[in-house]
Amino acid sequence: MLQMVKRIFSVALALLLVGCDSVDIKGLIVPVSDSVNRRCEQSLAMCGDGAYATFTAESEQYDIYVAADTHVADTAKNLQQFVDIVRADGTAPFGYMVGDCIDKRGQMELYVSALQQRDGQQYSQPILSALGNHDLFFDGWDSFRELVGPSVYWFEAVHPSGRDLFITLDSASGTLGRVQTAWLKRLLREQRDSYCHCVIFSHVNLFYTDNSQTGSGNMPLEESAALMQLFSQARVSLVVQGHDHYREDVEFMGVRYVIIGTMRDDALSPEYGHITLTEQGVDVEWREF
Amino acid sequence: MMRLVGRIVTMLLLLLFSGVCVAQQGEVVLRLQGGDNAAFGGFGVAQLQGSYSLERHFKACAGVGYNTIGRTAVEARPAYFHNLNFGSLRAELMLHYVRQGAVNNGALGVGVGFECPYVWATIGYYHRQMWAEGSQVAEPFNIYYELGINCLPKLERWDLRVVFSNSRLLELERHYQPSLYVDGWWYATTHIGVMVGIGYKPAGMFNITTDYYQLNGQVGLCYRW
């Protein structure tokens with residue numbers, strides 16, 4: 001009996017210390033990368049005070065394509081197909097991936113290579129990324145920062161009638177943390193009124209309307225409620241989320257929250273989001289491959 | 001919905017405090033908390049909690065609390081106990097309401113538990129409804145749980161408890177958002193005592209990317225009869 005207990009303890013301890021290549025078990029207890037405050041500080045230092053990027057849309061109505069939870073692990077077929085779709089549409093100023101880019105240790109190079117321009121792609125829009133919790137495993141922030149870029153930033157799309165504001169949040173640790181919360185409040189207070197639409201990208205979703213992913217979590221309720229009010233007061237047009245792997249479409253306090261389902265290669269029905277911005281509003285359509 | 005919850009909570013509170021004349025045991029605790037939160041910074045909480053036991057079979061806990069982040073919480077938990085030689089089994093109802101700014105949360109749950117001198121455990125299911133400004137969202141798939149250890153169960157005047165929970169009274173969270181508490185109690189007289197405690201709440205624990213979220217300390221004044 002004692003021997004068995006010792007073995008179970010040893011296996012548990014070994015798992016806790018090293019995990020496997022996909023799940024960094026020690027993240028149950030201690031941060032697996034830099035804290036969210038540190039990541040935010042580093043990201044803001046990379047971006048400076050201004051927009052991380054400025055894109056141009058040919059008309060007031062334009063499309064953007066959004067993928068989520070690609071979980072790249074040895075292959076990136078669906079991600080490459082998504083990039084092909086984005087780069088076949090010249091009206092889309094950019095594409096976007098809402099986090100959990102990779103699923104295994106050391107896959108960030110493969111993820112980034114799938115975003116590179118390839119033969120046959122007519123256009124060359126960039127694919128921007130948010131940081132997901134899986135991207136943080138095994139000190140993943142270092143490779144994300146080096147190969148992909150910041151985890152907290154804002155950018156804009158300029159069109160003939162004005163500009164639209166896009167904000168990327170780092171919710172990979174289940175909280176925005178103090179630095180990012182202050183930054184977000186200041187950004188919305190100072191910049192929001194200069195833009196037509198405001199779209200926010202966050203890997204972790206705010207609502208828990210179904211049991212599709214029992215184990216994984218959202219943000220604490222107090223923080224979620226505060227963000228819902230902040231987004232409502234700032235007239236945020238759309239919050240695009242991932243993490244849950246199943247589509248969701250919720251409107252709360254005048255703000256639309258959507259989840260784009262997973263695009264991982266072994267998904268039964270991989271999908272992406274097709275978002276259309278017009279003068280009248282923002283529309284979302286889910287499309288399967 | 002809000003009015004219904006309010007009425008139920010009021011009735012339970014009246015039941016709790018009007019039962020003094022036939023009480024076997026009751027306790028009222030005034031708690032003051034202070035702490036640091038990753039999203040809100042410094043905060044303070046005042047809570048009034050009460051519990052009342054009747055004939056070893058019934059117990060009701062209720063409380064009301066205000067957090068300086070603008071959060072008001074009310075909760076009541078009536079429970080029935082079935083006593084065994086080595087402890088007791090418990091079935092409880094949980095009614096919880098929170099208002100934070102314009103956002104309202106109401107939760108209705110049922111749970112079962114086990115208690116013995118050294119440990120107690122609770123697990124239950126609850127439905128949450130969120131509403132604000134004419135919009136509402138249902139969160140129908142939630143689990144609440146609590147695992148506690150009584151470190152000094154043999155001592156009459158002292159107690160030290162270690163608790164892992166997502167559902168302490170007035171602190172109901174989603175199931176992936178547990179907190180860890182350590183509470184100490186000392187009764188100076190038969191009726192009057194004090195408590196001190198600390199609590200730690202991480203974020204992202206079930207995402208396996210845990211990060212600091214909240215640390216708090218609390219002191220309390222207790223009266224029991």
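User: How many residues of chain A are in contact with chain B?
Analyst: In this predicted model, 43 residues of chain A are in contact with 32 residues of chain B. Contact means that the C-beta atoms, placed from the backbone, lie within 7 Å.

User: How should I read the names and the cut-offs?
Analyst: Residues are numbered from 1 along each chain as its sequence is written, while chains are lettered from A and ligands numbered from 1 in the order in which they are written. Local features need pLDDT of at least 70 and side-chain atom pairs count only at pLDDT 80 or more, but totals for chains, interfaces and linings use all residues.

User: Back to the side of chain A that touches chain B. Which elements each supply at least two residues?
Analyst: Helix H5 (133-136), helix H7 (177-191), helix H8 (221-233) and strand S9 (248-252) of chain A. Helices (H or I, at least four residues) and strands (E, at least two) are DSSP runs, numbered from the N terminus.

User: Which one gives the largest share?
Analyst: H8(A), with 7 residues.

User: And how do the residues of that side divide?
Analyst: Into 22 nonpolar, 15 polar and 6 charged. Nonpolar covers Ala, Val, Leu, Ile, Met, Phe, Trp, Tyr, Cys and Pro; charged covers Asp, Glu, Lys and Arg; the others, Gly among them, are polar.

User: H7(A) came up. What about its crossing with H2(A)?
Analyst: Helix H2 (residues 36-47) of chain A and H7(A) have axes that come within 6 Å and cross at roughly 45°. Axes are lines fitted to C-alpha atoms, for helices over the stretch in contact, and angles run from 0 to 180 degrees between N-to-C directions.

User: What does that make H2(A) relative to H7(A)?
Analyst: Oblique. Under 35 degrees counts as roughly parallel, over 145 as roughly antiparallel, 65 to 115 as roughly perpendicular, and the rest as oblique.

User: Which residues make the contact?
Analyst: H2(A) brings A:Val36, A:Asn37, A:Cys40, A:Glu41 and A:Leu44. H7(A) brings A:Gly177, A:Arg178, A:Val179, A:Gln180 and A:Trp183. They divide into 5 nonpolar, 3 polar and 2 charged.

User: New topic: sheets. What is the order of the 5 strands in the open sheet of chain A?
Analyst: S4-S3-S2-S11-S12, with mixed pairing. Two strands pair if DSSP finds at least two bridges between them.

User: Which strands stand at the edges?
Analyst: Strand S4 (127-129) and strand S12 (282-288) of chain A. Each has a single partner strand, so one side of each is left without a neighbour in the sheet. From one strand to the next, the twist averages 25°.

User: What packs on the sheet?
Analyst: Helix H3 (residues 77-86) of chain A, touching S2, strand S3 (95-97), S4 and S11 of chain A. Its direction makes about 175° with that of S2(A).

User: How do S2(A) and S11(A) pair?
Analyst: In the antiparallel sense, over 5 bridges. A:Val66 of chain A stands opposite A:Gly273 in S11(A).

User: Now chain B. How many bridges join S3(B) to S4(B)?
Analyst: 10 bridges join strand S3 (residues 58-67) to strand S4 (residues 71-83) of chain B, and the two run antiparallel. Their hairpin has 3 residues between the strands, and B:Gly70 takes a positive phi near 100° there.

Terms used
Two residues are in contact if their C-beta atoms, placed from the backbone, lie within 7 Å.
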